[in-house]
Amino acid sequence: MPTRNKTLKKIQSGRQTRRDWLKQGAKAVALASLPGCNRLVPVGQNAVKVGLLHSQTGTMAISETSLRDAGLLAIEEINAAGGVLGYPIEPIVEDGRSRFLDEFPRKARKLLSEDKVVAVFGCWTSSSRKAVLPLFEKLNGLLFYPVQYEGNESSKNIIYTGATPNQQILPALDWFTNKAGGSLKRFYLVGVDYVYPRTANFIARKYLESLGASVVGEQYASIGQQDFKEIVNSIKQSEADIILSTINGDSNVGFYSELAAQGITADKIPVVATSVGEDELRSLLPSQVQGHFSAWTYFQSLDNPQNKRFVELWQREFGRDRVTDDPIEAAYTQVYLWKLAAEKAGSFDVDKVRKALGGIPDFEAPSGKVKMDPKTQHMFKRFRLGRIRDDRQFEIVHESADWIAPDPYPQMSFPGWKCDWTRDGITQGEPVEI
Amino acid sequence: MFYWIYDIPNWQLAAMISGGFVLVYWLGAIFISPILRRLVRSTSGSNDVVGYILSSFGVFYGLLLGLIAIAAHQNYTDVEEIVAKEAIALSALNQDSKAYPEPLGQNLRWALRDYCRYVIKYAWPLQQKGIVPEGGRVRVTAFHEKLLSFEPQTSREEIIHAETLRQFNHFFECRRMRLQSVTTGIPPVMWYVVIVGAVINLVLVWMFDMRLMTQFTLGGLLSLFLGTMMFLIAAMDNPLRGEVSVSPAAFELVYKVMLDDAY
């Protein structure tokens, strides 16, 4: 007891002996040299650096700039509330310049090696993600990727916060082949010629076959193509019941215009798109797209308090004419997920944060409750199908009863393939040619 | 050189500089003044001689201080004008963008809003630390790219587009000038002359043969005024740094209008 009283007195009086100073110094040196502690915040910095890597110029700027804004908005909010683990977040924003194969890897290397960021929130196209992936693995960085994608990929160093095909495309196919969606059987697949539409359609084709439906045609336009006369002619001749469109970017303008020009309206052959959100609808005439569908996990018109708050905040900061969409919501939410994981881990160390991500409680995002699956490092998400209204927003016509577990390797398309990052990582199955 | 002074509040800076001058003077009156007076004591009417020299020196030094204070103020108002011009050019571009077809017009306005928000929220705090902000460049490039993607189809569109491009160039010029101003300030050599002049002033006053309390009072007042002048020049120097600096109010006003327009 006398010793305890002595210590208590010392604490209360604030007096410290030389021995105390030596003890504290030794503790500080020991802590600093422990693995992981060096990733708390580098010496000499009073903020924790994170990277935002999106195209702010070039063809993808129109979509990716909004993701940068969503990330910054979340960071501003977190900083205003006191930061993470007592540190304010310092965003280092880099421009990928829509050059996926050279500029994205160059900027990713800069962020990881020079700026020493503890996490990067970035990319949109699969090409850019695949180009930076080896760097993140080599330098043990952590990339949060916010866009829906084709699956068939998993990396220890990437957290996929967008939807996988089994959370977006396959539930849409289920709905349209069921009674509620009109029991449609003849599907026409159309996309732009690159990795996402090719892989997505490969998965869709296999799934439709398993449902007893048929693919009556499959066509690809080149990136940026505006002339869809031949493709729409082919759709008409195929007598398809429905079109599954993985067309993205500006090509949607040409596609929907041609559909309208040839008299294909939503009541005749509806289109269900996987890359047309509220942001894309700005470029499309409501008269040409009204009644068609989009499959996502989030719509701006979602009626819940978190989303109302998010949309209000977004429009207050950036303007009432700015819209939110699925990738924007994911780009915002993923910053909070990283924050919660860092707080749970008590560190910014990549491995600790990654492990902590799997154990954080369900997070109430604008899209509803979300959580990460530690096995695949993808998110549990709820599927939603929206019908385009004349005010360039969506009427939600269907949503899954509960959230859907992510599956980057649907077995009917990638037999034998699976991933479990809590164990052995990726298990390779049969070779698949797409 | 002494940029840390911009990190402390103005009243503290004023108290520090003015109080520092008075303190140095008082200490000198106790410890240096007796030595200096010994140097001039042999001359009859030493106070008169020191008085003449102090008066003539004071004229030159006063002129120097006045001119430098005016130069600092001029720098400040110049930068204020540059900032106002950039904000006005931004506002004009926003107005011009309304003449473009949608969704290009909207995309142009979003890009301008993005730039304006960046300047207020991110660039200004950096400028106040003396750092030239980099993030505006990519936003300007994004706007310029979008603007150049437009191909006028009618003579009306041609005129509007040409005028918008001209306005953009003006905006770009103002922006460059603002960035240039981040490191604008009185050259170090001038500060050197000002400080040496102030020290000579104090030395001359120390040479007066006066009672200690008179030294403290009269010399203290002179030192206080010298310190206040130094504070004034230091506070107004580097117009984008510290508390007495050009504010982003012009941009805030434009941003508010842009947001109001967004309905």
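User: In which loop of chain B does Pro103(B) lie?

Analyst: Please note at the outset that this is a predicted model. Pro103(B) lies in the loop between helix H3 (46-97) and helix H4 of chain B.

User: What is the form of the peptide bond from Glu102(B) to Pro103(B), cis or trans?

Analyst: The general idea comes first: most peptide bonds are trans. In this structure, the bond that leads from Glu102(B) to Pro103(B) is cis, and its omega is near 10°.

User: Why does Asn152(A) count as buried?

Analyst: The idea is to count the C-beta atoms around a residue: 20 or more within 10 Å make it buried, and 12 or fewer make it exposed. Asn152(A) has 21 C-beta neighbours inside 10 Å, so it counts as buried. Ser183(A) has 11 such neighbours inside 10 Å and therefore counts as exposed. Glu90(A), with 17 C-beta neighbours inside 10 Å, counts as partly exposed.

User: Where does Glu90(A) lie, and with which residues is Glu90(A) in contact, leaving aside neighbours within four places in sequence?

Analyst: Glu90(A) belongs to strand S2 (residues 89-95) of chain A. Once its neighbours within four places in sequence are set aside, Glu90(A) is in contact with Ala47(A), Val48(A) and Lys49(A).

User: In what order do the strands of the open sheet in chain A stand?

Analyst: Strands of a sheet pair through backbone hydrogen bonds, either parallel or antiparallel. Here 7 strands of chain A form an open sheet with mixed pairing, in the order S7-S6-S8-S9-S10-S14-S15. Strand S7 (214-221) and strand S15 (394-399) stand at the edges with a single partner strand each, so one side of each has no neighbour in the sheet. On average, neighbouring strands of this sheet are turned by 25° against each other, direction ignored.

User: In which sense do strand S8 and strand S9 of chain A pair, and over how many bridges?

Analyst: Strand S8 (residues 242-246) and strand S9 (residues 271-273) of chain A pair in the parallel sense over 3 bridges. Within this part of the sheet, Ser245(A) stands opposite Ala273(A) in S9(A).

User: Which strands of chain A does helix H7 of chain A lie across?

Analyst: Helix H7 (residues 195-211) of chain A lies across S6, S7 and S8 of chain A and runs at about 165° to S6(A). Helix H8 (residues 229-238) of chain A also lies across S6, S7 and S8 of chain A, running at about 175° to S7(A).

User: At what angle do helix H7 and helix H8 of chain B pack?

Analyst: Two packed helices are described by the angle between their axes and the distance between the axes. Helix H7 (residues 188-206) and helix H8 (residues 212-236) of chain B pack at about 175°, with axes 11 Å apart. That angle makes H7(B) roughly antiparallel to H8(B). Ala198(B), Asn201(B), Leu202(B) and Val205(B) of H7(B) meet residues of H8(B), including Gly219(B) and Met230(B).

User: How many residues of chain B are in contact with chain A?

Analyst: 13 residues of chain B are in contact with 13 residues of chain A. On the side of chain B that touches chain A, the elements that give two or more residues are helix H4 (104-128) and helix H5 (135-148) of chain B. The largest share of that side, 5 residues, comes from H5(B).

Definitions and conventions:
Residues are numbered from 1 along each chain as its sequence is written. Chains are lettered from A and ligands numbered from 1 in the order in which they are written. This is a predicted model: local features need pLDDT of at least 70, side-chain atom pairs count only at pLDDT 80 or more; totals for chains, interfaces and linings use all residues. Two residues are in contact if their C-beta atoms, placed from the backbone, lie within 7 Å. Helices (H or I, at least four residues) and strands (E, at least two) are DSSP runs, numbered from the N terminus. Axes are lines fitted to C-alpha atoms, for helices over the stretch in contact, and angles run from 0 to 180 degrees between N-to-C directions. Angles under 35 degrees count as roughly parallel, over 145 as roughly antiparallel, 65 to 115 as roughly perpendicular and the rest as oblique. Two strands pair if DSSP finds at least two bridges between them.
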